[in-house]
Amino acid sequence: MTTREATAPRGASAAPPRRRGDRLAAILVWAVATLVAGVLLWIVLDLLRHGLVHLGHAFLLEAPRDAGRAGGIAPVLATTGLILAVTLAVAVPLGLASAILLSEFIRRGSAFAQFVRRSLEVLAGVPSIVFGLFGNALFVHYFGMGYSVAAGGLTLACMVLPLFVRASEEALRAVPDDYRRAAAGLGLTRFAAVRSVLLPVALPGILVALVLSVGRALAEAAALLFTSGYVMRMPESLADSGRTLAIHVYELAMNVPGGEGNAYATAIVLLGLLLLINLGTALIGRHVLVRTGE
Amino acid sequence: MSPARTERAVVWSLRGAALAAAAIVGLIVALLLVESIPAIRNLALRLVTDSGWYPAPAATDGSFRITPMVVGTLLITAGAVVIAAPLGLASALFCRFFAPPGVAAIYRRLVELLAGIPGVIYGFWGLVVLVPLISALRPPGASVLTAIVVLALMILPTVALLSESALRDVPQRHLQAAAALGLSRWGTIAGVALPAARSGIVTAVILATGRAIGETLAVVMVVGNIVQIPSSLLQPARALTGNIALEMGYASGDHRSALFFSGLILLVLVMLLTALAAWLRGDEHDHA
Amino acid sequence: METEPPLERAEAFRPWHTPSPREDCCPARRPILRALDVTVSYGGTTALRNVSLGINRGCITAIVGPSGCGKSTFLMSLNRMTDLVGSASVIGDIRLDEQPVLGDAVDLLALRRRVGLIAQRPNPFPLSIRRNMTFPLREHGVRDRARQTEIMEECLHRVGLWTEVRDRLDRPALGLSGGQQQRLCLARALALEPEVLLLDEPCSALDPMASAIIEGLIEELRGRYTIVIVTHNLAQARRIADDMALFWATDGVGTLVEAGTAEQLFTRPCEALTRAYVSGMRG
Ligand SMILES: Nc1ncnc2c1ncn2[C@@H]1O[C@H](COP(=O)(O)OP(=O)(O)O)[C@@H](O)[C@H]1O
Ligand SMILES: [Mg+2]
C-alpha cells in the first residue's frame, strides 16, 4: 500500500480540526473492518461449533435417514459431483472456444466481439432463480429431461459460462504478444499457436477460471430447485433427479424440523470443499508456472 | 486439409460456439416471454388490482396480486443496499488507506472469503442465529429486517471488492498532489480519491443491488414468506424471488405463468441495472 | 567505445567451418527479394517511404541506420509480419522470386516459412527445448517423430547448441541463457529450411561473447541462405556484410539513403550522409 505515505501527512503540520476529522474517519473505518471480520468469524465459528459433532467419515459415506435428520450425505455428494461434471463438460469447451475466439481471432472492437461480450455481460447479471425458471422451461419441459442431474448441470453451465469466458479470456490476453509474433514468424497458423503455446501458458489462469466456475456452481441452489430437484436418493444416471449440498442445507434447515444438526454438518462440508478446491488449484497453478520456467 | 483450410474451419467452429454462448441470454428472455403470455393475456392488470395472492391453475379461480412481493423485494433490496454500500465502501477505504499493508492483505482475503460463501449458508446462519435474536426483540423474528441484514452481509463483499479496485485505479499522482498540498488523510480521500473513483464505486453499488434483487433462498430462509405489505421492518414479508422458489414446485397453468412473469420482472430490473452500470463505465472510459 | 567481440572464441562452435571467399557466395548478385517503392504507414502516419531495394540471393545484406528510421518496419514488411500490427499498411510491391508478397492471395504461412524472422529479443516458446524445435516442424507437416528428432539434432548442431543442451532437451527453453535462447531461435527457424532469414538486431540483447557466437553462425550460413540483418554495430556490418543499405529518418519518415556493396558504402559512398555515418561510427 504505497499510497499511505503519500496521503498521510506526518508531524505537527496538520491543524487540529483536520486531525480530528482524520481520527474520526479512522475510528469508523476500523470499526467497520472489525465488524465485518467479526461477522465472518461468527458465521464460521457457529458452523464449526454446531456442525463438527455430526461430522465424520460415516457422515460422508452413509445414506441419509429419517428425511436427512440422521445418517449421512453420500447421495448428495454424488449428485453434486455429477452435476458439476455435466456443468463443466458443457461450459468448459463452449467457454474456452468463446474465449479463444474473443482473444485470438477477432478484433476487440468488431461488431461480433461486442455482441458476444455484451450478451455474456447481461447473462452474468441474470438472477439465479431466473436461470431456474429458464432451465425448468427449456430442459425439464421442452427437452423432456424432467427433474434430472442433466437438466441441473446444463442450467448451471449456462449460469457459469460468462464467468468462465471472461476469466479465461483474461488469462489468454495476459500471454505476452512475443509468443504470438514468434509463432507467426515461423509460419504457424494462429490455431497452432493457440493450441501449443498460448493455452499451455494460460493454463494457470484458465484453471483459476475453472475454480471460480466450480465455486459458483457449488454455491448455487435456487437454479437447481426446479431443474435437478430435491430428491435424496443416490442418482443412478444423469436422468435421475437429485439434490446438491447447497439444496440439502436449504431443505434440512427449512423443511425438516430437527434437521439443523445435519444442516450444520453439510454446510461445513460445502464450505470445506470450496476452500479445498481453491487451495488445490493454487498449488497446480504454481506447479505449471515452475514447469514452463516462468 | 491444408493448414489454412483447417484454420478457417477452426475459426468457424469457434464462431459457432461463441454465437451459442451469446444466444443463451436471448433464449432466456424469449422463453420467459413465451411462458408469461398466459399471465399477460389472462391476468394483466389483475396482477395489481386483485385482492390478494391466492393463486390457482386457472385465472378465474384465484386472485393474483403480486404487489406485496414487489414491495417486499424493493424494501429488502433498498434496506440491504443502504447498509452494505457505506459498510462496503468503508471496507474498501480500510484496505486502501487505513490498514497497515499486512493487515490490508489479510482483510482483503477475508472479504474474498465472505464473497465466496454460498447464499444458502448466509440464509442458514440468519435462520439459526439472527432469527432467534430478533425474535427476542419482537417475534416472530423472521422479518424484513432479518432479510435486510443477511442480504447486506451477502452483498457487502461485492461493494467492498469492486470499490477497492476502483480506488486502486485512482492515479498515484493525484494522491501525491493532494499530499503535497498538505491535505489530511481524510481530506485526500474525500476531496480526491472518492471523487476520482466515483463512477467505479457507483457501479459497484449498482451491481450489488442487482445481486440483492436476485437473491432467493437466503431471503426465503429468513423473511417469513407471508404475503403482505409489511407495516414495519420487524414484520415478515415475501420477495418476488422467494415466491417463485416456494411455488414453482406445484404451480401450473396461469399460476405457473404468473411466476414466469415475476421472473421476467426480475430479469428486466436486473438488466436495467446492468445497462446502467455499463453506461456509467463507458462514460468513465470516455473521460480517461 | 565498444570493445571488439572476441572472434576466436566463436570459432570453437563451428566444427565444420570452411572459410569461403565472399565472391563465391553470391556470384551473380541476382536479387531473390525485391522491394519496389514500398511505403509503410502505421494508422496514417508514414514510417517508411518509397523504399526500393533488392536483396541478393545467398548474400548477407546489412541494414544500418539510426533508431526509428524504419529498419524493423522494412524487415517486417518483407514477410508480412506487419499484418500482425492492426494499424500497419504496406503499399508498393515486394517480390520473392518474382512472386508477389503483398496482396490477399498470398499464402502467409508458406511465405513466412520461406522467409524466417529472428527477433531482437530472443523469443523461444515457454515450452521445453525439444518442443520448441519439433512443434513448428509438426505444424509444417513433418509428422514422423524420428525425422523431427533428426532435424532437431542437426539444427542444434549447426548453431553449436547440441552439446550444451542434449542432456536437457526436455527442460524449459526459458531456462537457457540469452545467447543460447537466441541460438535456439535460430535453430528453430533453420529447421523449417527457409530461403531467407531476416535478423532484426539479433545480437543487441546479448553480451559480447554471445553476440560473437551468433555473428560467427551468421557468417557460416552465408551462401546457403539469403540473410538480411539489421545491426547497429558498424564493425559487425563491415565484418560480415556483402551488401549494405543505409536508412535514415527525416521528419520522422524513414527512407533509403544508399544501397550497394558493403565495400562500396564503406570506402566510396556516393552520399555525404553515408560518408558521415560510416566514418562517424568508425572511430
Ligand atoms: N506498431 C507501431 N505502431 C505505430 N508506429 C510504429 C509501430 N512500430 C514502429 N512505429 C514507428 O515507425 C517508425 C520506424 O520504427 P522502426 O521500424 O521500429 O525503426 P527502427 O527499427 O529503425 O528503430 C518509428 O517512428 C516508430 O515510432
Ligand atoms: Mg528496430
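1. In this predicted model, 36 residues line the second largest pocket, and those nearest its centre are Glu104(A), Phe105(A), Arg190(A), Asp83(C) and Leu84(C). The space in this pocket comes to about 1300 Å³.

2. Several helices supply at least two lining residues each: helix 4 (74-105), helix 8 (177-185) and helix 9 (190-219) of chain A, helix 1 (3-42) of chain B and helix 4 (108-114) of chain C. Helix 8 of chain A gives the largest share, five residues. Sorted by class, the lining of the second largest pocket holds 17 nonpolar, 15 charged and four polar residues.

3. The largest nonpolar core has 250 residues, and the members touching the most others are Phe125(C), Leu156(C) and Met244(C). Neighbours within four places in sequence aside, Phe125(C) contacts Tyr179(A), Ala182(A), Ala183(A), Leu186(A), Leu188(A) and Val197(A) in chain A, and Asn132(C), Phe135(C), Ala173(C), Leu174(C) and Arg188(C) in chain C. Another core, of 27 residues, lies apart from the largest one and includes Leu96(C), Leu102(C), Val228(C) and Val230(C).

4. Over all chains, the structure has ten aromatic pairs. One of them joins Phe134(A) and Phe139(A) edge-to-face, with 5.9 Å centre to centre and 75° between the planes. Phe139(A) also pairs edge-to-face with Phe143(A), at 5.8 Å centre to centre and 65° between the planes.

5. Are Phe134(A) and Phe139(A) buried or exposed? Both are buried. Phe139(A) counts as buried because its relative accessibility is 6%, and the cut-off is under 20%.

6. Ring pairs also link residues of chains A and B: Trp30(A), Phe94(B) and Tyr107(B) form a cluster.

Technical notes:
Residues are numbered from 1 along each chain as its sequence is written. Chains are lettered from A and ligands numbered from 1 in the order in which they are written. This is a predicted model: local features need pLDDT of at least 70, side-chain atom pairs count only at pLDDT 80 or more; totals for chains, interfaces and linings use all residues. Side-chain values use heavy atoms; hydrogens and water are left out. On a 1 Å grid over the protein atoms alone, a cavity is a set of points where a 1.4 Å probe fits but cannot get out, and a pocket is an open set with protein on both sides within 12 Å along at least five of seven lines; lining residues have an atom within 4 Å of a point. Grid points are joined across faces, edges and corners, and a volume is the space filled by probe spheres set on the points. Helices (H or I, at least four residues) and strands (E, at least two) are DSSP runs, numbered from the N terminus. Ala, Val, Leu, Ile, Met, Phe, Trp, Tyr, Cys and Pro count as nonpolar, Asp, Glu, Lys and Arg as charged, and the others, Gly among them, as polar. A nonpolar core is a set of buried Ala, Val, Leu, Ile, Met, Phe, Trp, Tyr and Cys residues joined through side-chain atoms within 4.5 Å. Buried means under 20% relative accessible area, exposed over 50%, partly exposed in between (1.4 Å probe, protein chains only). Contact means heavy atoms within 4.5 Å. Rings of Phe, Tyr and Trp (its six-membered ring) pair if their centres lie within 6.5 Å; planes under 30 degrees apart count as stacked, over 60 as edge-to-face and the rest as tilted.
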